[in-house]
Amino acid sequence: MAFDPNFAAVRFGTGRSPAHSPPQSVEAWLKSVNGQIESEYPFYTWDVLQPILVNSHTARKNMLALRRSNAPEADQKAATQASKAADRVLKTIDRETMKHFIGRGAFDTTGFATRLTLFWADHFSAQGKGRYWTEMTGDYLDTAIRPHVLGRFEDMLVAVLMHPLMLHYLDQTQSVGPNSTRGRQKPGLGVNENLAREVMELHTLGVGGPYTQEDVQSLALVLTGMTANTNVGFRYRAKFAEPGPHALLGQSYGDERPALKTVVAVAKDLARHPATARHLALKMAKHFVSDTPSEGLVAAMVEGFGEKGSLADMTEAMLRHADAWNPAGGNVKWSLEFMMGVMRAMNMPRHRFDEMNPKKLFQLFQFPLRAMGQPFFEVSGPDGLMEEDADLMRPHILAARLDWALRAPDAFVRGLPDPRKILPNALAGDIPKSLRFAVKSAESRHEGLAMIFVSPAFQRR
Amino acid sequence: MLDRRAFLNGFVGCSVAAHPLVTPIAFAGSPDSGRLGDNRLVVIILRGAMDGLDVVQPYGDGELAKVRRKLLVGPDNGALDLDGFFSLNKSFDLLHPMWRAGELGFAHAVSTPYRDKRSHFDGQDLLEAGTGSVEERGDDGWLNRMLQHVPGLTSGTAYSVGLDQMAVLAGPADVSDWAPDVGVTLSPQGKRLLELVMHDDPLFQQASSEAMEILTSLSTNPGPMDGGEDLMMMGDDMMGGDMKEAPRNIKRISNGTVGRLAEFTANRLRADARIAAFSLGGWDTHGGQARGMNRAGANLAVAIMRLRQDLGPVWAKTTVLAMTEFGRTVYENGTAGTDHGTGGVAVFAGGAVRGGQVITDWPGVREEDRYKGRDLMPTRDVRSFAGWAMRGLYGFDRDIIENVIFPGLDMGEDPGLLA
């Protein structure tokens, strides 16, 4: 088995679309990540976001101050309205991030970049815990994750460790070295191990990897000084950082003058560690190919990752391996991917999507994603979304997808098409006889289309 | 034994962090019926930190009124007197008859072992993990750990209800989940075709047939009350026709998401399910607390009321436990609200509880009686109430409860919350 354009669209992209002729080779497929679509659906990046966050922050502080000082009612009212208006801007940003993420995946030639971004952003799951942080999701995706999906893993790791969203999510911002300048002045402050632990357990070596509790503690000390807030973004504060040298995984890092370069050196070694290669190759193969990937495929991907930690070579090794094209064992799609796949199969006109108002976006995407158990970039823990088919295909998730598949197509096109015309271009491989029969026998176009989209053949990649 | 002082300061549960998990059979105290018997347990997680001092108001402790000038307390200000010392926030109107009938009670000045950081996220994580500290938290919740010790547990015994992920039920034991906000309208022909489409994929076939079974049972077998009319009438009855302002609001809640959560939970518990959990939010009342409390309190009241009505005779065998991540400051802030605190209230209800009582070792609310000078001092671990409920309802060994389900918990004396 080898590269097949339709199969690639379903397994490695966001689904087949009559609007795009799929790339015909692995080389062309890899090149498809450099499409135009991302610039057409931009995210709020830090430079644009920062003044908005500061403005919102200031408006809220002003409102609270006036309330506390029992200022005249009219002033309080005006301040409250100003703060509410500023918060509405934040909501707009969140909604637009979701809209543009979906737009990228639904209208790209292949959706390969979106799939890689989704996978790696989930690997490095980070999210806002409250006001002013959630809005950084777009910046996180576009600066920490996306530039490196076919680059070097160490660059992605370092970018993630320096991103405010991750530092905030895993409680790094308050971590202070006990022997740092600040720690000695104020002994009550302490180290927080959360980020260090997840870096080793989830992001690099993997649970069961060759590290000890002492290594976690050492890494936590190395990471002190890494902080961020919503006003200035990322900062390295040497005064809060524990002086070295730090013993970590049998090596010594840094000296008595704490510096960001020590963090980078440790991150690079963790990123290139053989245990990391194995952990990442297995995880990627499980996501894209099967819950039980072949040892040959994983070994080839480990080799691709190599000593340099190349994600480009690891990804290419996967695409060039015969076992990656085995149609058996296709995983259940994640919900975002499932939705994008339906939009593509329906050949939804782009202007219909672009013109969707907030209410429609809520009804068609935001709420249904929650019902399908995968609210937009909200996860229950740093280990990200579930991957095993049995966890994804649960009764309530199936019901939510069925409910959506019965209603959403109406909003995607003007006048529902004959489901029999959609069927041939929706799936990767042969059309199961039972599905062909069901689509033909459905009593309405709604139900016929829903049969296609909830069928195992469509929901598996 | 746990030192009470140590609990007050939050230093508990460090020593038994990793109790070796032994197979269920090794525990002589596990229920051996293979099922959980007839008793039902519903856990409601109140997200956002409910202000226990405003829900169950210690108006008899004259100190509270001194630091709460806008958040008025006591029967003189419209609250419902409970026992001459405590009064119930008026947003819980609907439940006052249940208190009188001995089907509703409260535990006051309780908390999880969580201290000082007062973060919703960490606080809820700990409440649902049931461990002694955030650091000891594993991947499973305490209700799931209880289920792991039920031999022969079958699918459909426990339900996680609603769109919120219920960490309290997460873990290796088989838990069903359902969000009653999802309704599928599929023709009979569509249902048959769906079966056909799913037939050859066992995983999809299973998920699909379970989903269809639930949807069918919901549409053909509605609860004793379908909609809000009956509830309103019953409310009027129970209140002696004294519900002047509530009905519209109550009806809306009962027909909305909250009503559906309770309706579905009751639907499952009337059949094979024994355990269910869902969450209710809206308790983070930093400003304009009276308004926020009206909303959140009415939601909780309607949820409990609908459980009672939809469960019918099964209510007699039901225990509802509602718990929150932490309480709120004793004093009110500048915006007629309260900020994150420590000690608070847990609510228990059901035909199986001994209601009509506020169980508490009352610490007082003067500045020197408070935790860190600001919060209600917790005098008992809220986990012990869940522990005693499990013991009373299902006969779990104290050893399993204190070492496995709630690692490091000292259950203490039986607080007597069950009838």
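# Chat on a two-chain model

User: What stands opposite Leu41(B) in E8(B)?
Analyst: Ile275(B) stands there, facing Leu41(B). Keep in mind that this is a predicted model.

User: How many bridges join strand E1 of chain B to E8(B)?
Analyst: There are 6 bridges between E8(B) and E1, which covers residues 40-46 of chain B. The two strands run parallel.

User: And strand E6 of chain B, how many bridges join that to E8(B)?
Analyst: 3 bridges, again with the strands running parallel. E6 spans residues 158-161 of chain B. Within E8(B), Ala276(B) is the bridge partner of Tyr159(B).

User: How many residues of E8 in chain B are buried?
Analyst: 6 of 6, so strand E8 (residues 275-280) of chain B is mostly covered.

User: Which ones point which way from E8(B)?
Analyst: Ile275(B), Ala277(B) and Ser279(B) point one way, while Ala276(B), Phe278(B) and Leu280(B) point the other way. All of them are buried. As a general rule, side chains in a regular strand alternate between the two faces of the sheet.

User: Other sheet now. What is the strand order in the open sheet of 3 strands in chain B?
Analyst: The order is E2-E4-E3, and the pairing is antiparallel.

User: Which strands stand at the edges?
Analyst: Strand E2 (56-57) and strand E3 (80-81) of chain B. Each has a single partner strand, so one side of each is left without a neighbour in the sheet.

User: How many bridges are there between E3(B) and E4 of chain B?
Analyst: 2 bridges, in the antiparallel sense, with E4 covering residues 87-88. One pair of bridge partners is Leu80(B) and Leu88(B), the latter in E4(B).

User: Zooming out, how many helices and strands does chain B have?
Analyst: Chain B has 14 helices and 12 strands. It is 419 residues long, and 55% of those residues count as buried. Among contacts in chain B with a separation of 6 or more, 75% are between residues 24 or more positions apart.

User: How many residues does each chain give to the contact between A and B?
Analyst: Chain B gives 34 residues and chain A gives 29 residues. On the chain B side, the elements that give two or more residues are strand E7 (176-178), helix H7 (188-198) and helix H8 (202-220). H8(B) has the largest share, at 8 residues.

User: What is the split into nonpolar, polar and charged on the side of chain B that touches chain A?
Analyst: That side has 19 nonpolar, 10 polar and 5 charged residues.

User: Which residues touch the most other members in the largest nonpolar core?
Analyst: Met301(A), Met451(A) and Ala346(B), in a core of 263 residues. Helix H12 (residues 289-311) of chain B supplies the largest share of this core, 11 residues.

User: What does Ala346(B) touch?
Analyst: Leaving out residues up to four places away in sequence, Ala346(B) touches Phe106(B), Ala107(B), Val110(B), Leu321(B), Ala322(B), Met323(B), Val382(B) and Phe385(B). Apart from the core that holds Ala346(B) lies another core of 5 residues, including Ala59(A) and Met63(A).

User: Over to chain A. Where is Ser25(A) found?
Analyst: Ser25(A) is in the loop between helix H1 (5-11) and helix H2 (26-31) of chain A.

User: Why is Ser25(A) called partly exposed?
Analyst: Because Ser25(A) has 13 other C-beta atoms within 10 Å. A residue counts as buried at 20 or more and as exposed at 12 or fewer, so a value in between is partly exposed.

User: How many residues of helix H8 of chain A are buried?
Analyst: 8 of the 9 residues in H8 (residues 153-161), so the helix is largely enclosed by the rest of the structure. Phe153(A), Glu154(A) and Met156(A) are among the buried ones.

User: What domains does the assignment give for chain A?
Analyst: Domain 1 (20-149), domain 2 (166-272) and domain 3 (335-459). The centres of domain 2 and domain 3 of chain A, taken over C-alpha atoms, are separated by 43 Å.

User: Last topic, confidence. What is the mean pLDDT of chain B?
Analyst: The mean is 86, and 85% of the residues of chain B reach 70 or more. For the model, ipTM is 0.93 and pTM is 0.84.

User: How many contacts beyond four places in sequence does the model have for residues 221-246 of chain B?
Analyst: It has 34, but pLDDT stays under 50 over that stretch. Where pLDDT is low, the predicted coordinates should not be read in detail. Residues 1-5 of chain B also stay under 50, with 4 such contacts beyond four places in sequence.

Notes
Residues numbered from 1 in each chain as written. Chains lettered and ligands numbered in written order. Predicted model: local features only at pLDDT ≥ 70, side-chain atom pairs only at ≥ 80, totals over all residues. Helix = DSSP H or I, 4+ residues; strand = E, 2+ residues; numbered from the N terminus. Contact = placed C-beta atoms within 7 Å. Nonpolar A, V, L, I, M, F, W, Y, C, P; charged D, E, K, R; others polar. Core = buried A, V, L, I, M, F, W, Y, C linked by C-beta atoms within 7 Å. Pairing = 2+ DSSP bridges. Domains from an automatic or database assignment. pLDDT = per-residue confidence, 0-100.
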